Amino acid sequence: MSESGMKNISSDPTCEEIFTVLSEYIDGELSKELCEAIEAHNGNCPPCQAFVETYTKTIELVRTQPAEPLPSAVKDELSAALKRCQDALDQTR
Ligand SMILES: [Zn+2]
């Protein structure tokens with residue numbers, strides 16, 4: 001696999017940057033440096049931490065049931081987690 005298409009984020013990523021690379025992060029496609037930057041951010045950002053956890057669970061669920069469409073309950077949980085994160089972001093502005 002070529003590295004030219006790899007996404008890049010800053011070493012001190014914002015919540016938005018984390019969202020843009022979340023699927024790569026969970027798939028283990030990011031560099032060690034980026035993973036560490038995300039983990040460091042999540043250590044100080046409970047909404048992002050919760051979002052990553054929800055997202056990871058969702059991916060696992062989908063992978064264990066490849067023939068099933070994404071259950072609506074999972075979709076709801078994911079969008080609720082994203083909304084909580086966005087609300088938390090808005091409060092910091
Ligand atoms: Zn965050």
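At what angle do helix H1 and helix H2 pack, and how far apart are their axes? I looked this up in a predicted model, where local features need pLDDT of at least 70, side-chain atom pairs count only at pLDDT 80 or more, and totals for chains, interfaces and linings use all residues. I number residues from 1 along each chain as its sequence is written.

**Entry 1: H1 and H2.** H1 spans residues 15–26 and H2 residues 32–43; their angle is about 120 degrees and their axes are 11 Å apart. Axes are lines fitted to C-alpha atoms, for helices over the stretch in contact, and angles run from 0 to 180 degrees between N-to-C directions. That makes H1 oblique to H2. Under 35 degrees counts as roughly parallel, over 145 as roughly antiparallel, 65 to 115 as roughly perpendicular, and the rest as oblique. I noted the contact residues next. From H1, Ile18, Val21 and Tyr25 meet Leu34, Cys35, Ile38 and His41 of H2. These residues divide into six nonpolar, one polar and no charged. (Ala, Val, Leu, Ile, Met, Phe, Trp, Tyr, Cys and Pro count as nonpolar, Asp, Glu, Lys and Arg as charged, and the others, Gly among them, as polar.)

**Entry 2: H1 and H3.** I then turned to H3. H1 and H3 pack at about 30 degrees, with axes 11 Å apart. They are therefore roughly parallel to each other. Cys15, Ile18, Leu22 and Ile26 of H1 meet Cys48, Val52, Tyr55, Thr56 and Ile59 of H3. I count this contact as eight nonpolar, one polar and no charged.

**Entry 3: the core.** The largest nonpolar core has 14 residues. (Such a core is a set of buried Ala, Val, Leu, Ile, Met, Phe, Trp, Tyr and Cys residues joined through C-beta atoms within 7 Å.) Val21, Leu34, Ile38, Cys48 and Phe51 have the most contacts inside it. H1, H2, H3 (46–64) and H4 (72–91) each give two or more residues to this core. I checked Ile38 separately. Beyond its neighbours within four places in sequence, Ile38 contacts Pro13, Ile18 and Tyr25. (Contact: C-beta atoms, placed from the backbone, within 7 Å.)

**Entry 4: the chain.** I find four helices and zero strands. (Both are DSSP runs numbered from the N terminus: helices H or I, at least four residues; strands E, at least two.) Of the 93 residues, 17% count as buried. (Buried: 20 or more other C-beta atoms within 10 Å of its own; exposed: 12 or fewer; partly exposed: in between; C-beta atoms are placed from the backbone.)

**Entry 5: Glu77.** Is Glu77 buried, exposed or partly exposed? Glu77 has 15 C-beta neighbours inside 10 Å, so I log it as partly exposed. Glu77 is in H4.

Technical notes: Two residues are in contact if their C-beta atoms, placed from the backbone, lie within 7 Å.
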